[in-house]
Amino acid sequence: MTQDSGAAFVEDDSILTLEAPEPDVIVTWGPGPEDIGEVQLGGDDKPLLMLLHGGFWRPEYDRMHLRATAHALAAAGYTTCVPEYRRVPGRPDAACEDVRVALRVLPVELRGRHDGRVVVVGHSAGGHLALWAASAAPAAGLVGTVALAAVADLATADRERVGGDAVEAFLG
């Protein structure tokens with residue numbers, strides 16, 4: 001966030017428009033358009049970083065805005081994978097199931113591209129899903145979970161109208 005001269009804070013959303021290279025590898029695991037993970041290759045001697053995008057679970061925000069982050073982490077030696085998940089208002093089970101499957105399938109599909117350990121990293125709504133996954137659907141080899149600006153308390157987020165009606169729309 002940056003502060004303007006009126007002392008108000010303005011959110012910096014420039015990450016949504018940063019240019020980044022196309023992924024090194026695309027992994028698919030099912031027939032749906034969300035059954036896809038974008039991979040940036042790093043070294044094979046570090047954990048696989050599974051990056052879950054944010055966007056308040058809304059359909060208009062997808063994995064694309066994490067491409068620059070995935071590329072930077074790969075340049076630091078980490079193989080990264082950004083799986084997509086369904087963002088259907090009123091269907092939280094769809095997002096959770098997609099994350100569950102991605103965490104089960106992708107570390108295996110990318111065997112040899114990482115050291116067998118997995119770290120789940122999520123931002124905003126992706127942070128919520130990362131925390132959920134760590135407790136309800138941990139990946140084999142999961143050694144860490146990082147939740148950045150996570151929507152971790154849905155009741156409070158709903159009461160405070162974080163993201164407008166984001167929680168209500170997500171849960172239905």
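The backbone nitrogen of Arg-86 lies 2.7 Å from a polar atom of the Asp-98 side chain. A polar contact is a pair of N or O atoms within 3.5 Å; within protein, one must be able to donate a hydrogen and the other to accept it, and residues adjacent in sequence count only if both atoms are side-chain atoms. Asp-98 sits in helix H2. Helices (H or I, at least four residues) and strands (E, at least two) are DSSP runs, numbered from the N terminus. Asp-98 is buried, with a relative accessible area of 6%. Buried means under 20% relative accessible area, exposed over 50%, and partly exposed in between (1.4 Å probe, protein chains only).

The model is predicted: local features need pLDDT of at least 70, side-chain atom pairs count only at pLDDT 80 or more, and totals for chains, interfaces and linings use all residues. Residues are numbered from 1 along each chain as its sequence is written, and side-chain values use heavy atoms, with hydrogens and water left out.

## Strand S7 and its partners

Strand S7 (residues 118–123) and strand S8 (residues 142–148) run parallel and are joined by 6 bridges. Two strands pair if DSSP finds at least two bridges between them. Within this pairing, Val-118 stands opposite Leu-142 in S8, and the bridge partner of Gly-122 in S8 is Ala-147. From S7 the chain passes through helix H3 (residues 125–136) to reach S8, and this β-α-β crossover is right-handed. A crossover is right-handed if, with the strands pointing away from the viewer, the path from the first strand over the helix to the second runs clockwise.

S7 also pairs with strand S5 (residues 48–52), in the parallel sense and over 5 bridges. Here Leu-48 stands opposite Val-118 in S7. Because 5 of the 6 residues of S7 are buried, the strand is largely enclosed by the rest of the structure.

## Loop residues

Two residues in loops have a positive phi. Most residues other than glycine have a negative phi. Ser-124, in the loop between S7 and H3, has a phi near 60°. Ser-124 is buried, at 8% relative accessible area. Phe-56 has a phi near 55° and is found in the loop between S5 and H1. With a relative accessible area of 24%, Phe-56 is partly exposed.

Arg-63 also lies in the loop between S5 and H1. Arg-63 is buried, with a relative accessible area of 12%. Its side chain makes a polar contact of 3.0 Å with the side chain of Glu-38.

## The cavity

Rolling a probe the size of a water molecule over the atoms shows where empty space is left. On a 1 Å grid over the protein atoms alone, a cavity is a set of points where a 1.4 Å probe fits but cannot get out, and a pocket is an open set with protein on both sides within 12 Å along at least five of seven lines; lining residues have an atom within 4 Å of a point. Grid points are joined across faces, edges and corners, and a volume is the space filled by probe spheres set on the points.

By this rule the count is 1 cavity of 30 Å³ or more. The largest cavity has a volume of about 40 Å³. Its lining consists of Pro-23, Glu-38, Gln-40, Arg-67, Ala-70 and Val-82. Strand S4 (36–40) and helix H1 (67–75) are the elements that give two or more residues to this lining. By class, the lining of the largest cavity has 3 nonpolar, 1 polar and 2 charged residues. Ala, Val, Leu, Ile, Met, Phe, Trp, Tyr, Cys and Pro count as nonpolar, Asp, Glu, Lys and Arg as charged, and the others, Gly among them, as polar.

## The second largest pocket

The second largest pocket holds about 170 Å³ of space. Of the 13 residues that line this pocket, Leu-103, Arg-104, Pro-107, Val-108 and Ala-140 lie nearest its centre. Helix H2 (residues 92–109) supplies 5 residues, the largest share of the lining. The lining of the second largest pocket divides into 8 nonpolar, 2 polar and 3 charged residues.
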